[in-house]
Amino acid sequence: MAITFDDEKKIFLLHTPHSTYVIRIFEGRVLHGGWVKRIKNYSGACAMPLIDRAFAAVPEDLHGKCDFSPDTVQWEYPVALRGDTRSPAIEVIGNGGTVECELLYEAHRIYKGKKALVGLPATYTNTDDEADTLEIDLYDPNSALKVTLFYTVWNTLDVICRHSVLKNSAKDVLDVRSAMSASVDFPHARFSMLQLSGAHARERHVIMRELVPGMQKVESRRTASSHQQNPFIALVEQGATETHGDVFGFNLVYSGNFTAQTEVDQYGVSRVQLGINPFNFSWKLAEGESFTTPETVMVYSQNGLGEMSRIYHDLYRSNLCRGEWRDKVRPIVINNWEATYFNFNSEKLFALADTAAAEGIELFVLDDGWFGKRNNDWTSLGDWDVFTEKLPNGLSEISEGIHARGMLFGLWFEPEMISPDSNLYRAHPDWCLHCTERSRTLGRHQLVLDMSRKDVVDYLFEKLSAVLSSCKIDYVKWDFNRSPSDVGSALLPVEKQQEVSHRFYLGLYDLLERLNKKFPHILFESCSGGGGRFDPAMLYYMPQTWTSDNTDGLSRLAIQEGTSIAYPASAMSCHVSAVPNHQVGRVTSLSLRGHVAMAGTFGYELDLNKLSDLEKAEIKEQVAWYKDIRHTAEFGDLYRLRSPRSCTAFSESPLFAWESVEKDKSKAVVTAVWSFSEANESYDILKLEGLDENANYKIKSLAGLSIKMLVRQFFPSAPDSEFCVVADDTVISGEELMNIGLCIINRTNYGGSLHFKLERV
Ligand code: DGJ
């Protein structure tokens, strides 16, 4: 058992392979005892002492009897107004009218495996041997509130998953104002907090800030996990790097309003908390009812950020994502959005499909504009019937035509939305989120459906099921282009209006669960104006997410790097698009765009028929290459070899480099991209990681035909080997590649990027 309980000392030890998490019970209070590198024999002698601090408030039953200051000890689930003035994990208003509460130990259970969370996505075990779970029951002696804390401890991964369940055990209605999923008190503040922040089209940039006294937090109040802040933070010990040092990661499995915060108190204790954002939240618990918080996935790495990310990737690939596509390599996509936008008909689509099929592309995705009267974004969301003026022979003609060309067929939806100019809105003007009496707020000319209503969710299930059953559809892109603002529901009474933002997600998760079950063969891809809902909860229903609307090869570097901090490559959808790039206007080589997009599930999003023969030949080469390397790229262990953030010497160039290595170390792929060029640049030494030091590897590179042709215009006799780090087919030992490293240089006039594979020989 990874979890033990010492009845005499009243200490729980939760062991992951390399960490130990300590919980202790003191006078009925459940205290935190540390989360540290694994300890075999724990005495508790080094625990933070329980001293009587001057001016601290102490509950009467302990006052004068022992040294105990609630304001200064480490808690597992801190309460409010009982002496601890830091951020509480729970605020519930009972009969007394305040958020005062005391949570005392009542009982506990330890068992193998993990239970599902009611109505919420969460990590799961494939067999009970993968994890053990501890449940601790707490009660408030003065109210009806009972709380159970859940800890699932993984046996082969340094992961602890936490959530809590609140229950009302008596007649009074409890008003839950806040209930965190996890709260962890670290005894010091010698950390930086890493967050993934940005905006639409520049999501999830890595930001680090040193902890200082007071509150530092990221949050979303957008009723969506958001482009702006991701529900992820990490505490990175001072001096820790990509490969060294202690790192503690925290990721909330939730798509709605969240808070992820660290409060440093007067004595330097750092309290990390993640949960539903208390902003505009309240939940009325009647007698016998329960409220389940979303899950927080906590990861410990003793070897820096890289190892933390690989742990998240392993867990999410095998114990969060589900369904038939979970372990399968993903089809290469052609998406018509940036090729045609709304302006298409069946001839145009088939012309694009003909070229895509000839290139070896495997999945054709028909994006926005196929339904209602949708020629622009002012109309028709909600009317999920084919736009017969555009596609007179319906979706079946398109689906059959695409399948006849040997490709899978995918379709775009934005189910949670409704256009004021739609039959659905005309029939049901109260089906959108709105606050009664007030005018409605529009985003991208659209309103948001009230997913807290069962009738709306049922309607969507029937409507989408009808379309998905009407012809062969293999893939769905599920978009969500605006975040809700008028978060109110016509069906709920006034006192329950602050439940709407959470109920919205319970409704969405229910819909997705039903569709997953009914259409198990469909590969679902989540999207939210790009990466506005790139969170673990969406990955539970849809194993991949459109990473960003920004498809520029260079902009994508920081976006994909930040995304990879928590999320695996198999979840990151990446496309090659046209130049000048539609979002930033930049021109980069087709080679570079291909190299960068191969960091995730791969595809194209441009009019292939506007390309030259040379470019088409290069795409054919990229497609064939990706098919060969995709298992390694999507399911291998990721090593972020170089981030411009880690440039320390002036001689180092602005180089991004990453490597993916098969679990059995038989293959690896390496990408190096220079974000700009300098004259007369120095060399970079790229030391690889994760290879078998006793094996030899044969190297092969994908230089890109267009780059070769360009260079040959000026240097007609340039040999192919000029485009490689070392000549193709050279055999190099794993230890040489890892200890000496490859000596590379940016030949920007060749394209500014390198991509090569290594195969064990
Ligand atoms: C936003 C998405 O991110 C795009 O890829 C595209 O599907 C548009 N929405 C369509 O409206």
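Predicted model: local features only at pLDDT ≥ 70, side-chain atom pairs only at ≥ 80, totals over all residues.
Student: Happy with that! What makes α3 and α11 oblique to each other?

Tutor: Helix α3 (residues 346-359) and helix α11 (residues 613-635) pack at an angle of about 55 degrees, their axes being 9 Å apart. Axes are lines fitted to C-alpha atoms, for helices over the stretch in contact, and angles run from 0 to 180 degrees between N-to-C directions. Under 35 degrees counts as roughly parallel, over 145 as roughly antiparallel, 65 to 115 as roughly perpendicular, and the rest as oblique. The pair α3 and α11 is therefore oblique. Helices here are DSSP runs of H or I with at least four residues, and strands are runs of E with at least two, numbered from the N terminus.

Student: Which residues of α3 and α11 meet?

Tutor: Thr355, Ala358 and Glu359 in α3 meet Lys616, Ile619, Lys620 and Val623 in α11; contact means heavy atoms within 4.5 Å. These residues divide into 3 nonpolar, 1 polar and 3 charged. The classes are nonpolar for Ala, Val, Leu, Ile, Met, Phe, Trp, Tyr, Cys and Pro, charged for Asp, Glu, Lys and Arg, and polar for the others, Gly among them.

Student: Why is Phe186 called buried?

Tutor: Buried means under 20% relative accessible area, exposed over 50%, and partly exposed in between (1.4 Å probe, protein chains only). Phe186 has 4% relative accessibility, so it counts as buried. Its place is in strand β10 (residues 174-186). Leaving aside neighbours within four places in sequence, Phe186 has contacts including Trp35, Leu235, Phe248 and Phe250. Phe186 and Trp35 are 151 residues apart in sequence, yet 7.7 Å apart in space, C-alpha to C-alpha.

Student: And what makes His502 buried?

Tutor: The relative accessible area of His502 is 2%, so the residue is buried. His502 lies in helix α7 (residues 500-518), and among its contacts beyond four places in sequence are Leu120, Tyr254 and Trp283.

Student: Are Glu135 and Lys115 buried or partly exposed?

Tutor: Glu135, at 3% relative accessibility, counts as buried, whereas Lys115, at 46%, counts as partly exposed.

Student: What is the N to O value for Arg86 and Asp84?

Tutor: Their side chains meet in a salt bridge at 2.9 Å, and both Arg86 and Asp84 are buried.

Student: How many salt bridges does the structure hold?

Tutor: There are 52. One of them joins Asp692 and Arg760, whose closest N and O atoms are 3.6 Å apart.

Notes
Residues numbered from 1 in each chain as written. Heavy atoms only, no water. Salt bridge = Lys/Arg side-chain N within 4 Å of Asp/Glu carboxyl O.
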